[in-house]
Structures are given as structure tokens and as C-alpha cells.
Amino acid sequence: MDFTRDEAQDAVAEVVVGLLERESERDAGLWPSLVSSGLLSVAIPERCGGDDMGVDAVSVLLTELATDAVAVPALPTLGFGVLPLLRTAPEAVADKVFSAVAEGGVLTAALNEPGAPFPQHPQTTAVPNGDTVRITGHKVAVPCADQARWILVPTDAGVALVDAEAPGLSRIESPVSAGLPEFSLRLDAVEIPAEQLLADAQPELYRAALASIGAVADGLLKGALALTAEHVRTRHQFGRPLAEFQAVAQQIADLYVVSRTLHVAAVSANWALGQEDSTPEHQDRIDDDLAVLAYTVAEQLPPAMQKCHHLHGGIGVDVTHPMHRYYSQAKDLARWLGGASLRLDRLGAGCSST
């Protein structure tokens, strides 16, 4: 195993960093610049005009964007959309979607049902109807569903690639504190072409989503830690920088340990997912790494962000301060995963089954 970034990954990181240095926007206003930079095409196959760089490049891209807590639909488009379609969609279907993504089209996935994050047995149904399939169900916490061209919807018969404007699909916006907009979806006999029901895609969708969430979490904590360290270095109390107080230094040290732990978990899981190895042993390793990563994000990331808030004092809770963006996005990730208890249960179930 060698987790060192190669030249291609370094190039992706440099382009992202350069873009963020030139642009001041950190929300939807940055999306056009991200599209024109060509970064959305890093994982798209060469036949569609992309760079064909796969999981490794996407993880670097998402991590670097998250380091500045950028709130654009890169995670749902690339992590929830492009990556699983790369391995599961028929070429004709994939090419249509990828061409739209290269031009700025947004993808997303409906990963959660009411009370069931990442359900192994979705209650949403897919019923064949001649050359079409009818999708019926209820999904919650779907990011960017108002902007998406297509939505990946797990069903009892596979993952359906649903046109976001299809008749029978309704959206209700859910209130969120910050970050990406979210929606609850109702699908009432929504028809899709039969070739857009991907029978074996659910494991790949969940794997790509977990790995990508981990990459974003890694970047968020890295950025929040840097922001906090700079604050305590330059903020003075009683004539001394905050960083010189022992209690503050100990808390920063604890945050550094959590950040490095999360980084290793994220890089390991994304590296494993990116390997071309179909052996059962490697597939088990991927699932184990992702289970550890999901639990680490859900259990460690929110308390770490709370500690960053604490070290900022009252400044950090101001919505005009950058710390607010990091904290809000971190809470969203933990909520999408279902929380620490659920992730610990699933991690334990995986251990007991072996």
C-alpha cells in the first residue's frame, strides 16, 4: 500500500487550490468556475472528453474543496453520481450523463429513506412495465435535488437513474442550517427506461458515497483545524497569545490527532476503492475500511468541530465567520450517515459476521 499522491493527483490539487485563490465565492457562485476549469471531468472516461482518473482524483478534488468548506454540488455530482455510474451503467446511459456533467450538469442520489440511512433493503419499489420501469417510494435528505438533472434512487430491484423532471416526482425542501439544500422526494409511479434500472449498482453506490463523504470530512476538519490554530496563535488574552495557554495547546493537540486519524481512514478507504482488484479478499477489505471510515466521521467529526467552535469563542458561532460553514457541513455529513450509534452497530455487525 502506498497512499502517496501521484503526479496526476497533485495536479488536481494544484488546480483546485489555484481556483480557490483566484475566486472569492464559496457557494453556488463558484460552480461555473469549477465547470470551466475542467475539474468535473477528472473521473469521466476519455471517450466522453474526460481524464479517466477515477476515485483517486475525485477524493483529492473533494478534499481540497472541503478544506475551504466550499458549498457546491461536487460531492453529490461526483461522489454520489459519477463514481457509481462508472462501474455500473451501460455505456450509452453513462455517456449521456457524463457529457452533461462535463458541461455543469448536477447529479445526486437519494441515499436515505425515513428512519433508514443507506438502507440495505430499500422500501422504494421498481415495477417493470414493458420497456419501462415504474418507481414508487419516499426518500429524505436528498442534497441538491432542485438542481439535479438525474437522481440515483436505490430500490428493491437496483438503483434507478431518474430524470429529475419526470412526471410523478415531487420535491419538498427540508430546512438546513447551511451547506447544500436538501429535499424529501416522493416518487409516484415515476417511469424510467428499463436500461436505467441498474440491478447491481447499490453496493457500488453506497461504497462511492461513503468514500466521498470521508474525503469531504477529511478536508473539513483539516481546514477547520488550520483556521482554529491561526486564531489561537493571533488572538491575545492577558497579554499572551491563546496558543501559549496549556489548556488551549492540549485541545489543539487533540484536534490534530483526530484530524490525522480521519485522514488515514479516508485515504485508506479511497485507495482501496480505487484499486482494480475484484478478489473477495479485497472487496471485504474495502467494506471494512468504509465501515471504519463511516464510524470515524459520525463519531469524531462533530465533537472536533464543537471544540474548534469553543476555541474560537463567540466569534465562531457568527454566521458571517468561516467556522460556521465547516461546522454546518460536518453536521450534515454525520446526519446523512445516520449517526455514530448506527455506524457502530453496522461496524460491529461486520466484525461479528467474520
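Two strands count as paired if DSSP finds at least two bridges between them; helices (H or I, at least four residues) and strands (E, at least two) are DSSP runs, numbered from the N terminus. Colleagues, the model before us is predicted: local features need pLDDT of at least 70, side-chain atom pairs count only at pLDDT 80 or more, and totals for chains, interfaces and linings use all residues. Residues are numbered from 1 along each chain as its sequence is written, and side-chain values use heavy atoms, leaving out hydrogens and water.

I begin with the sheet. Four strands form an open, mixed sheet in the order β1-β6-β7-β10. Its edges are β1 (106-109) and β10 (197-198), each pairing on one side only. Helix α4 (residues 74-88) packs on this sheet and touches β1, β6 and β10, where contact means heavy atoms within 4.5 Å.

I turn now to the salt bridges, each a side-chain nitrogen of Lys or Arg within 4 Å of a carboxyl oxygen of Asp or Glu. The whole structure holds 13 of them. Asp254 and Lys307 meet at 3.8 Å, N to O. This pair links helix α7 (residues 246-274) to helix α8 (residues 280-312), across 53 residues of chain.

Asp332 is buried, with a relative accessible area of 7%, whereas Arg335 is partly exposed at 39%; buried means under 20%, exposed over 50%, and partly exposed in between (1.4 Å probe, protein chains only).

Terms used. Axes fitted to C-alpha atoms, helices over the stretch in contact; angles between N-to-C directions.
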